[in-house]
Amino acid sequence: MLLLLVARAAWLSPPPPLRPRPRPRACSVLAAPLPFAPAERRCTAEPLRFAALRDETASRFPSGAHMLSGVQQGRLLHALVRLSRATRVLELGSFTGYASLWLAEGLPAAGKLLCVERDARCAAVAARHLAGAGVRARVELRVGEAADALRRLAAEEPFDVVFVDADKRRAAEYCEALLARGLLAEHAVLLVDNVLWKGRVLERLSDDAVLAGSDAAKGLPLLPLAATDARLDGAQARRSLELRDVLHAFNEQLAADERVHQILLPLRDGLSGEPEPLRALRESAGGGGGVQRGRLLHMLVRLGRASRVLEVGGATAYDAAWMAAALADGGRLVRLAAGAREAEEAERQLAAAGVAARAEVRRGEWRGALAALHAAGHASFELVVYSLAPAREAPLGARELLALLAPHGVLVVTQPAPAGGEGGGSGDGRADGWFEELLADAELSVVTLPSPDGDGALVTLVCTLGPVQPRAPSDGAYVAAEVQMRVGGKRHEQSRRTQTVRRKRDWTIIYS
């Protein structure tokens with residue numbers, strides 16, 4: 001699992017009042033089957049250079065081969081680096097360089113990736129495969145402990161993307177160091193691996209858990225030793241329990257940290273609050289949007305420092321409101337509405353969320369609207385979000401949507417829960433064919449994830465594999481601006497502060 005952290009949008013700082021958040025039960029967290037198998041089938045196949053690295057790792061380090069990031073996670077890292085047009089990326093705990101290779105290939109030619117790995121043998125394998133892929137010049141490999149490296153980095157420029165896969169017991173220490181020492185850029189995203197520790201952290205959410213003897217998270221119930229993997233001996237099982245409890249305490253600590261707000265991907269964790277204007281919008285619209293998916297889209301807009309976002313489809317403007325709130329000052333979200341009634345309702349909802357000044361609703365048939373945007377020279381959206389509904393007569397073509405992206409942009413496709421469950425297909429032949437065409441395109445990278453709301457739906461990120469141009473210094477700059485929100489006649493005003501590299505920041509944390 002991953003933990004993602006990005007700069008919080010200004011109108012979420014300080015956070016509006018949040019609804020009470022009941023502690024989730026482990027059984028309710030897993031109540032809806034998660035479509036891992038369908039999601040993995042809708043990812044581009046693993047390139048041969050990555051398979052070769054995986055094979056050598058399994059041969060040379062058989063006991064640690066399971067520690068490699070998978071192709072699904074790798075493509076997600078790659079897409080996030082491309083979207084951000086990162087120039088500086090940090091990885092703590094590189095092992096043999098599988099994730100490092102994905103991160104490096106997402107960088108522009110002048111970008112830099114700093115990898116820290118404590119085992120010199122593993123670092124040597126990583127260096128050789130990075131060189132073989134032609135990206136060694138972008139990567140600096142340092143052999144040593146992650147904590148020592150962070151202490152030495154305090155005087156360096158901040159990072160756009162940070163991936164933490166080092167000692168799990170020190171995850172809280174790493175995150176605090178990154179926050180306190182100014183090592184994260186304004187728009188940065190931080191990812192921490194294994195925060196659910198093979199799903200065992202979810203055991204701590206069970207009302208039936210009993211004390212097992214670990215001191216890592218005092219005062220919280222633990223499952224008995226027998227609940228762990230039966231293949232482990234007593235000492236191994238005890239260490240696994242202790243690590244589970246350390247990570248649970250880490251998650252709880254972040255949930256209580258007023259500097260941050262959270263989202264758990266792909267499981268619903270019950271930890272994240274929802275800003276009052278968006279809660280009111282969602283409830284008045286009768287649903288049509290997930291809180292955690294909204295936060296995911298918000299994070300993507302912030303990470304990309306997007307100034308132009310396009311949304312096509314969707315039952316309500318809930319997702320659009322999340323994205324519009326994350327736009328840089330002067331940014332614009334365009335939402336396409338098929339009919340007059342849908343357009344009027346979207347405009348009303350966006351106004352209620354206080355983001356109408358940043359959003360534009362265009363009426364008319366979608367295919368014609370896309371052609372008009374392209375003809376008018378608007379093919380430069382950093383993010384295009386498309387709701388692929390099974391009932392739609394003629395889905396828009398992927399190439400029609402991709403043609404509107406900026407070179408570093410990402411197409412996000414949301415799909416409802418597959419009818420066939422985890423082991424079946426999507427239940428919609430048109431959607432299956434739509435994705436088969438995407439997966440067959442060698443110029444695209446496609447990664448599909450279970451929906452962050454735990455409802456069985458899927459979220460796909462698509463990006464091209466062409467070169468990424470570095471961001472100009474003025475791109476996506478945040479300047480002082482007032483954002484107003486009106487809900488139930490009440491007016492909320494917050495000031496967006498000028499973006500600086502070293503100022504005190506607020507952060508959004510997303511678990512994945």
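This passage describes how helix α12 packs against two other helices, α11 and α10, in a predicted model.

Helix α11, which covers residues 291–303, and helix α12, which covers residues 318–326, have axes that come within 8 Å of each other and cross at roughly 30 degrees. Because angles under 35 degrees count as roughly parallel, α11 is described as roughly parallel to α12. The crossing in which α11 passes α12 is right-handed. On the side of α11, the contact is formed by V291, R293, G294, R295, L297, H298, V301 and R302, while α12 contributes Y318, D319, W322, M323, A325 and A326. When the residues of this contact are sorted by class, eight are nonpolar, two are polar and four are charged.

Helix α12 also meets helix α10, which spans residues 276–284, and here the two axes come within 10 Å and cross at roughly 165 degrees. Since an angle over 145 degrees counts as roughly antiparallel, α10 is roughly antiparallel to α12. In this pair, too, the crossing is right-handed, with α10 passing α12. The contact brings L278, L281 and R282 of α10 together with Y318, A321 and W322 of α12, and its residues comprise five nonpolar, no polar and one charged.

Taken together, the two contacts show Y318 and W322 of α12 meeting residues of α11 and also residues of α10.

Note on methods. Residues numbered from 1 in each chain as written. Predicted model: local features only at pLDDT ≥ 70, side-chain atom pairs only at ≥ 80, totals over all residues. Heavy atoms only, no water. Axes fitted to C-alpha atoms, helices over the stretch in contact; angles between N-to-C directions. Helix = DSSP H or I, 4+ residues; strand = E, 2+ residues; numbered from the N terminus. Parallel < 35°, antiparallel > 145°, perpendicular 65-115°, else oblique. Left-handed = near helix turned anticlockwise from the far one by under 90°. Contact = heavy atoms within 4.5 Å. Nonpolar A, V, L, I, M, F, W, Y, C, P; charged D, E, K, R; others polar.
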